[in-house]
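Biologist: Could you take me through one part of this model in detail, namely the sheet and what packs on it?

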Amino acid sequence: MLDGKVAVITGAGQGIGKASAEVCVREGAKVLAVDISGAEDDVAAKLGDAVVPFHADVSVEGDIAAMFGAARDAFGGIDGLMNVAAVHGGRRGEFLSLEEYDAVTPLNLRGLVLSMKYGIEAMLESGGGAIVNVSSAASLGVQERVAAMYQATKSAMNTLTKAVAVEYGKQGIRANVIAPGFTQTDFYGSAKPEIVDYMASKAALGRGGESREQAEVAAFLLSERASFVTGVVIPVDGGWTARLA
Ligand SMILES: NC(=O)c1ccc[n+]([C@@H]2O[C@H](COP(=O)([O-])OP(=O)(O)OC[C@H]3O[C@@H](n4cnc5c(N)ncnc54)[C@H](O)[C@@H]3O)[C@@H](O)[C@H]2O)c1
């Protein structure tokens, strides 16, 4: 599905980003696996020559510019970008706190804007491409256990993605969002069992998702099979957003 494609994936050290690197490589792509944790090296070691690891903080403009430079050096150009890295949404005290705002916006919003800006520049050099941004089911409606500021950044991601789709469609760039419901990633490994059970029970399917189930939809959106799909937000949530409560 992705033979000949080159994708930059942020947050590729674990969870949904790592699974996305695995599925993209399985489908024939070359991947720049970007993370701040160091685990990008393990992912590259496991997946082989198709993956080049890149250590970066994708809330920092210089790192973002360098990330696309590294992709050009390694693979000659890019035609896929997945923005996965984010600060998660646990509540941090009082409602509408600036502490929470300051914690989530540098990466989830400012970093996203810069990643798309530099990514689009790189894709235009390659004649176009596809962006897949990972927001959240909590961008489509409010979930009280999730930080309001986090949900706001993810809603902004949905709108920015649509704006990019509209602005750059004629230049061969598609931009879409997957909105995961509760997905049992490494992040939730440390969560209390009652929280995990509560979140899993919300899905119509009665369980949490797996990272691979997010990655399969993302890889499809990156591929030519989705050539007429742009500007959409696809919940990948086991039916959570299909119900009212
Ligand atoms: N897991 C869920 O239930 C769920 C639900 C809805 C949305 N999401 C979204 O899916 C995405 C991935 O979630 P996950 O659960 O796989 O997350 P995770 O925390 O397991 O992985 C995130 C990765 O991003 C990396 N990262 C964090 N800050 C970074 C930075 N500044 N620069 C570079 N890398 C950085 C981390 O090191 C980590 O490897 C996130 O955008 C999250 O908001 C997840």
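Modeller: Here is a walk along the sheet, then over to the helices.

This is a predicted model, where local features need pLDDT of at least 70, side-chain atom pairs count only at pLDDT 80 or more, and totals for chains, interfaces and linings use all residues. Residues are numbered from 1 along each chain as its sequence is written, and side-chain values use heavy atoms, with hydrogens and water left out.

So, the sheet: it's open, has seven strands with parallel pairing, and reads β3-β2-β1-β4-β5-β6-β7. Strands (E, at least two residues) and helices (H or I, at least four) are DSSP runs numbered from the N terminus, and two strands pair if DSSP finds at least two bridges between them. The edges belong to β3 (51–55) and β7 (233–236); each has a single partner strand, so one side of each is left without a neighbour in the sheet. From one strand to the next, the twist averages 20°, with axes fitted as lines to C-alpha atoms (for helices, over the stretch in contact) and angles running from 0 to 180 degrees between N-to-C directions.

A179 has P235 of β7 as its bridge partner.

Now the helices. Helix α1 (residues 15–26) packs on the sheet, touching β1 (6–10), β2 (30–35), β3, β4 (80–83) and β6, and its direction makes about 165° with that of β1; contact here means heavy atoms within 4.5 Å. Helix α5 (residues 148–168) lies across β4, β5 (129–134), β6 and β7, at about 160° to β6.
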